[in-house]
Each structure stands twice: as structure tokens, then as C-alpha cells.
Amino acid sequence: MRAIRSRDTGPEMAVRRLLHGMGYRYRLHRRDLPGTPDIVFGPRRKLIFVHGCFWHGHACPRGSRLPSTNKQYWSSKIRGNVERFARQLEQLQRAGWSSLTIWECEISDQAVLAKRLRSFLDIPRAGGTTRATDRQSRSPLPTTNAREINSLDTSPR
Ligand SMILES: [Zn+2]
């Protein structure tokens, strides 16, 4: 496993580059939404947050390591971040947005990440569109109709 070299690019940039390469288009940091989501897919009503493991208290080695000084300060600050984010997610959900959180430590495995992003973005929301079903039932019909019409037209006189 390779170490993440994100000092100059940042985890969010890595996710954005990946999404862009997969052909998705999005808006950034919409301040009119709770929590100013990092990556916004307006028409799909979907959001992606890219979280630093330390700042958002991820349950991973990087996220649970507190600085050796001011432990009290940092742990209450991070707890505040976690609680605020939970409230913001709830508000977003109520407003009809579905969201995905990508953690900084999950970015190094781009293949896994790409799969997660695709399934999050391409699966319709529950109670949302029924486009997939439409496509399945529509496709066999035109062929059948066309053949019937043809056989009528070429009937001998
Ligand atoms: Zn993490």
C-alpha cells in the first residue's frame, strides 16, 4: 500500500479529479446548503463530503491520534465538528439530498473509490425516478411493431 501524498493536492482535489475523469460534472462548496458541501450534483440531488480523518474524528489510526499537547482542547473541538456535521446531514436529508462521505484515508485506493462513487451517483434515489424500469419495458416494443407493419405492407396483392 502506498502512502497518500496529498500535501500539495489535498484529498478533495483527488476526489474531484477522479470524478471528472469518470465524466461527472458537479458544483463546488455550495454555501446555500447546510455544511457547505464540497461536491454537489444538483440535478441528482446528491452530495459528497470529503473529510479529513483528524478534523472529523474518523475511527481510523489517523483519526484517533490526538496531538500530545492540549488533548482536552482538541477532543472537544473534534467532538463539536462531529456533532455539527450530524445536524447538517439531517437537515440535508430532510431537504431531499442524499450524501456520501469520503474519508481522507480512503482515497489511496482509487479503484475501490471509483466503484463507490459510481454506485452512489448512478443508483436512483429511493422513491426517485423509475428510468431504469422504463428502459427495460420500452426496448422490445419498437422491434415487434416494426416487423408487424412490414409484414402487412409486403402482403401480396
Ligand atoms: Zn480515516
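This is a short chat about the chain shown above.

Reader: What kind of model is this, and how are residues numbered?
Author: It is a predicted model, in which local features need pLDDT of at least 70, side-chain atom pairs count only at pLDDT 80 or more, and totals for chains, interfaces and linings use all residues. Residues are numbered from 1 along each chain as its sequence is written.

Reader: Which order do the elements run in?
Author: From the N terminus, the order is α-β-β-β-α-α-β-α-α-α, with 6 helices and 4 strands in the chain; these are DSSP runs numbered from the N terminus, helices being H or I of at least four residues and strands E of at least two.

Reader: Which residues touch the most other members of the largest nonpolar core?
Author: Val15, Ile39, Leu47, Ile48, Val50 and Ile102 do, in a core of 13 residues, where a nonpolar core is a set of buried Ala, Val, Leu, Ile, Met, Phe, Trp, Tyr and Cys residues joined through C-beta atoms within 7 Å. Two or more residues each come from helix H1 (11-21), strand E2 (39-41) and strand E3 (46-51), and E3 gives the largest share, 4 residues.

Reader: Switching to Lys46, why does it count as buried?
Author: Lys46 counts as buried because it has 20 C-beta neighbours inside 10 Å, and a residue is buried if 20 or more other C-beta atoms, placed from the backbone, lie within 10 Å of its own, exposed if 12 or fewer, and partly exposed in between.

Reader: And how far is its C-alpha from that of Leu121?
Author: The C-alpha atoms of Lys46 and Leu121 are separated by 7.3 Å, although the two residues are 75 apart along the chain.
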